[in-house]
Amino acid sequence: MDEFKKQEWNYNPKTPIENNPLFSFPFIPKKIIKWYADMWASFSETVFCLIVSIIYLSLLPPIVIFNNLNFNTILTIYLFNITIMLVVAGGLHLFFYTLRKQDAKLKYDSRRVTNSKKFTFNKQVLDNMFWSLASGVTIWTFYQILLLWSYSNGLISKISFGVNPFLFLTLFLLIILFESIHFYFAHRLLHFQFFYKFFHHIHHRNINPGPWSGISMHPFEHLLYFSTVLIHFFIPSHPIHILFHFMIITIGAVIGHCGFDGFLINKKNKIALGHFHHQLHHRYFECNYGTTETPIDVWFNSFHDGTFDTNKKLKN
Ligand SMILES: [Zn+2]
Ligand SMILES: [Zn+2]
């Protein structure tokens with residue numbers, strides 16, 4: 001273990017952090033296959049998001065209902081989304097922080113959640129729940145209704161698996177890549193002084209984030225962050241693509257902020273959870289604005305790979 005790990009982290013996953021090998025030249029097919037197999041052929045966050053989207057779609061009222069919106073339809077979606085947050089963020093918080101089922105094993109930051117005056121209601125978890133549920137779920141629901149209404153009214157071009165299976169499946173990969181690009185630029189904008197001071201500081205109260213920190217943001221940031229889904233007005237989509245996109249930016253963010261690298265199964269194996277790449281952003285602020293799906297941070301010199309040398313270089 002190097003000095004940096006000892007000083008800075010309770011648990012430090014394998015570093016240097018790697019970015020999607022699809023963007024490194026020359027191509028190394030083995031690495032690319034492993035990257036996508038980890039994402040799609042194991043019980044990953046991505047597969048979990050897809051499973052939730054399929055369940056969501058099967059429980060959703062028939063899509064024609066969105067032709068003419070009424071209060072009940074909107075309330076149904078709102079309650080669905082609240083439930084997802086309570087189950088996923090609430091469940092992870094209960095497991096890791098309330099019941100401390102895994103103690104500090106695989107926990108990045110040695111500190112427990114912090115309570116201080118900077119938080120709404122003076123408590124990190126209450127602050128995070130408030131911004132996630134009051135603002136986050138409301139704006140998420142607004143966008144979701146907009147998209148489903150637009151889909152059922154023919155404003156989004158439709159695609160089906162039966163007619164175009166290759167594009168139908170490829171869209172899932174493209175959504176993740178697009179989300180990564182959108183997140184980088186929206187997030188980079190939020191770090192300009194004006195936007196940081198008025199909006200983004202709410203998310204950054206969490207130097208040591210937990211599951212509820214995932215979408216704990218100012219309403220302006222929610223409007224910007226969730227706007228990634230507007231891409232469906234420009235690409236053919238099926239409701240499953242739309243729901244999957246929403247799950248990636250909501251559940252994905254909750255899991256990524258959970259503060260633990262994974263669920264420990266036994267000494268050697270785990271189910272991956274936290275995004276150490278983003279944990280570094282919460283600790284050091286001026287690095288890792290994007291995700292590892294696209295190496296935009298590398299291209300713009302803001303990539304922190306989690307090693308001591310990079311830490312020293314970026315601090316300077
Ligand atoms: Zn930030
Ligand atoms: Zn964050």
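Read along the sequence, the protein chain runs α-α-α-α-α-α-α-α-α-β-β-α-α-α. That makes twelve helices and two strands. Here helices (H or I, at least four residues) and strands (E, at least two) are DSSP runs, numbered from the N terminus. The model is predicted: local features need pLDDT of at least 70, side-chain atom pairs count only at pLDDT 80 or more, and totals for chains, interfaces and linings use all residues. Residues are numbered from 1 along each chain as its sequence is written, and side-chain values use heavy atoms, with hydrogens and water left out.

**The whole chain**

Along the principal axes, the C-alpha atoms fill a box of roughly 60 × 50 × 45 Å.

Of the 316 residues, 52% count as buried. Buried means under 20% relative accessible area (1.4 Å probe, protein chains only). Contact means heavy atoms within 4.5 Å. Among contacts with a separation of 6 or more, 72% join residues 24 or more positions apart.

| Residue | Relative accessibility |
|---|---|
| H281 | 0% |
| T250 | 0% |
| G256 | 4% |

What does H281 touch, not counting residues up to four places away in sequence? The list is H187, H191, H200, H204, C287, N288 and Y289. H281 lies in helix 10 (residues 276–284). Its side chain makes a polar contact with the side chain of H204 (2.9 Å). A polar contact is a pair of N or O atoms within 3.5 Å; within protein, one must be able to donate a hydrogen and the other to accept it, and residues adjacent in sequence count only if both atoms are side-chain atoms.

Helix 9 (residues 239–256) holds T250. T250 is buried. Leaving out residues up to four places away in sequence, T250 touches W140, I215 and F226.

G256 is also found in helix 9. G256 is buried too. Beyond its neighbours within four places in sequence, G256 is in contact with L273, G274 and H275. G256 and H277 are 21 residues apart along the chain, and their C-alpha atoms are separated by 9.3 Å.

Technical notes. Chains are lettered from A and ligands numbered from 1 in the order in which they are written. Buried means under 20% relative accessible area, exposed over 50%, partly exposed in between (1.4 Å probe, protein chains only).
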